[in-house]
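I opened a new page for this protein today. My plan is to look things up one by one and jot down what I find.

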Amino acid sequence: MNHQIKNYNYRLLSLALMLLCCVAQAQVTDKYPADYAGDRIRFHALFIWDPNAESAHVEFDQQALHFFHKLSYGEGFTYDVRTECPNSLDSLKRYDVVVMLNALPHDADQRKAFEQYMEQGGGWIGFHATGYNDKDTHWPWFNEFLGCGTFLCNNWPPQPALVEVDTQLHPITRTLPKEFVVPASEFYQFSPSPRDNKDVEVLVSISPKNYPFGIKDIVLFGDFPIVWTNKNYRMVYLNMGHGDEGFIDATQNLLFTNAFRWISLPSVSSSETPKE
Ligand code: ZN
């Protein structure tokens, strides 16, 4: 009798386990993986670089192309590369995101096409010299778009820096530590600072603890944002981008990936709520 009860209990337990497995399996099928791209290309990304730029910028650009190309593995997005900015809106508007690596529109047609693309909701990530502009640039729209004034000064030579995360509530920075050291680069200070612009959200800044910052060219003081977004556009500017150390640090790589993801997948990013 006891033996029969034992067998019965054992069969009941097996059945319950099987049912549990089925339920778990159903949950796996329904909810995970949540968003496999499969054969579907989800978005289109264009990377623009300038092979004739100064060698330290080309070094960064080539490593950046390798880095972002790896993010395209699995065909989550199409990865196109150009060495000139397109001179028509039609060429730009098939892309969900345009990443400018130390390159920017030069002539009137390229500038016009880019302005139209951004005004119509295009996505943009700019690195380092892409944001460089001075009194000879003569492109007021670009300053309005970037959200700050012209180039003021830089540290030299390239060196690592302690940076501060200005907000951990933004999707780009919420997985970053409050402070971390970024790899060696040249950093630009702009005047007026983007922080003075009410439409700009500063995400990362050079810490004042670095001052005096530099060996030959020394920055002694001043507000020093290096990553920000102008809320009037779908854009992020990152001031890193000089030399061959841009991708040696996991935290900075995470920052770059977060920025790329936020610009490329705006509908997903905006529906996510910060955990704090
Ligand atoms: Zn540089």
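**Entry 1**

Which elements do the buried residues of α4 pack against? I looked, and they pack against α3 (89–92), β4 (123–127) and α5 (140–146). A note on names: helices (H or I, at least four residues) and strands (E, at least two) are DSSP runs, numbered from the N terminus.

Before going on, I wrote down the ground rules. This is a predicted model, in which local features need pLDDT of at least 70, side-chain atom pairs count only at pLDDT 80 or more, and totals for chains, interfaces and linings use all residues. Residues are numbered from 1 along each chain as its sequence is written.

Back to α4, where I found Ala 113, Phe 114, Tyr 117 and Met 118 buried. They cover an arc of only 125 degrees around the axis, so they sit on the same side of α4. That arc is taken from the directions from the helix axis to the C-beta atoms.

After α4 comes Gly 121, with a positive phi near 95 degrees.

**Entry 1: the whole protein**

I stepped back and found seven helices and 11 strands. Of the 276 residues, 36% count as buried. I then looked at contacts (C-beta atoms, placed from the backbone, within 7 Å). Among those between residues at least 6 apart in sequence, 77% join residues at least 24 apart.

**Entry 2: the sheet**

What is the order of the strands in the open sheet? I traced nine strands, β2-β1-β3-β4-β11-β10-β9-β6-β7, with mixed pairing. The edge strands are β2 (77–82) and β7 (179–185), each pairing on one side only. From one strand to the next the twist averages 20 degrees. Two strands pair if DSSP finds at least two bridges between them.

I zoomed in on β1 (residues 43–49), which runs parallel to β2 and is joined to β2 by six bridges. Ala 45 stands opposite Tyr 79 in β2. Helix α2 (residues 55–71) lies across β1, β2, β3 (97–101) and β4, running at about 170 degrees to β1. For such angles, axes are lines fitted to C-alpha atoms, for helices over the stretch in contact, and angles run from 0 to 180 degrees between N-to-C directions.

**Entry 3: the core**

The largest nonpolar core has 59 residues, and Ile 48, Val 98, Val 99, Leu 101, Ile 125, Val 236 and Ala 259 have the most contacts inside it. Helix α6 (residues 250–264) gives the most to this core, with six residues. A core here is a set of buried Ala, Val, Leu, Ile, Met, Phe, Trp, Tyr and Cys residues joined through C-beta atoms within 7 Å.

I listed what Ile 48 touches, leaving out residues up to four places away in sequence: Arg 82, Cys 85, Val 98, Met 100, Leu 101 and Ala 103. The buried residues of α6 include Leu 255, Phe 256, Ala 259 and Phe 260.

I found a cis peptide bond from Ser 191 to Pro 192, with omega near -5 degrees. Pro 192 lies in the loop between β8 (188–191) and β9 (200–206). Another cis bond joins Tyr 211 and Pro 212, with omega about -5 degrees.

His 128 has a positive phi of about 50 degrees although it is not a glycine, and so does His 138. His 128 lies in the loop between β4 and α5, and His 138 is placed in that loop too. Buried or exposed, what is His 128? His 128 counts as buried because it has 29 C-beta neighbours inside 10 Å. His 138 has 8 such neighbours, so it counts as exposed.

How values were computed
Buried ≥ 20, exposed ≤ 12 C-beta atoms within 10 Å, placed from the backbone. Contact = placed C-beta atoms within 7 Å.
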